[in-house]
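Trainee: Could you take me through one part of this model in detail? I would like to start from a single span and then see the protein around it.

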Amino acid sequence: MSATHAPEMPASPRHQADADLAHERRRPSPLLWMALIVAMFAAALVWLRTSNTEVAPAPIGERMLPATGTPVANAPATTPRAAPAPTQQRAAPAVRNREARPLTSNAKPSYPPSALRNGVQGSVVASLKVAPSGSVTEASIVSRTGQRDRALDRAVLTTVRDWKFEPAMQNGRAIASVVNVPVDFRTGR
């Protein structure tokens with residue numbers, strides 16, 4: 001006596017229609033899939049908003065210098081200090097330590113016409129000492145690349161001496177700091 005398996009049995013049209021109908025009933029609807037995708041995105045959004053992890057900025061030496069002449073601050077290095085003991089009084093909100101930041105209203109150094117006419121190109125880095133008030137107290141050129149031209153140096157120094165900054169902050173107080181300002185002079189020829 002031989003055993004016959006279901007795949008070997010010829011299917012009647014009625015059984016085939018019933019099998020197709022049963023298979024269609026088991027398939028989830030597209031609306032169910034869309035609801036599942038929306039729920040996953042909502043859960044991810046809630047998770048991102050509730051996770052309050054902050055990433056520490058890269059050390060100053062590892063940051064890329066901007067090509068637009070935006071200053072990069074070099075604040076004095078700080079040593080970690082022990083946290084003060086908790087007090088019964090309500091503490092003021094802590095102000096984070098930050099580097100000096102230039103105001104957006106500061107003028108950008110202009111390309112000297114004589115240097116532009118002669119095709120002089122290069123980069124100049126100016127070092128600025130910024131007072132706790134946010135004004136520049138001293139400016140000097142610390143490095144140059146490309147062709148050396150006094151007109152480029154003068155253009156940078158006369159412009160950045162008038163700049164204003166949000167002062168560097170340490171332990172909630174404004175402090176003096178040093179800011180390096182890179183400026184590129186390119187003719188585009």
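Mentor: Happy to! Let's begin with residues 31–48: the C-alpha atoms at the ends of this span lie 26 Å apart, and the span is 100% helix and 0% strand. Helices here are DSSP runs of H or I with at least four residues, strands are E runs of at least two, and both are numbered from the N terminus. This is a predicted model, where local features need pLDDT of at least 70, side-chain atom pairs count only at pLDDT 80 or more, and totals for chains, interfaces and linings use all residues. Residues are numbered from 1 along each chain as its sequence is written, and side-chain values use heavy atoms, with hydrogens and water left out.

An unreviewed UniProt entry lists residues 31–48 as "transmembrane region"; such annotations may be inferred rather than shown by experiment. Met40 sits in helix α2, which covers residues 30–50. Met40 counts as exposed because its relative accessibility is 54% (exposed is over 50%, buried under 20%, partly exposed in between, with a 1.4 Å probe and protein chains only).

Now for the whole protein. It has four helices and eight strands, in the sequence order α-α-β-β-α-β-β-α-β-β-β-β. Of its 189 residues, 24% are buried. Contacts are heavy atoms within 4.5 Å; among those between residues at least 6 apart in sequence, 76% join residues at least 24 apart.
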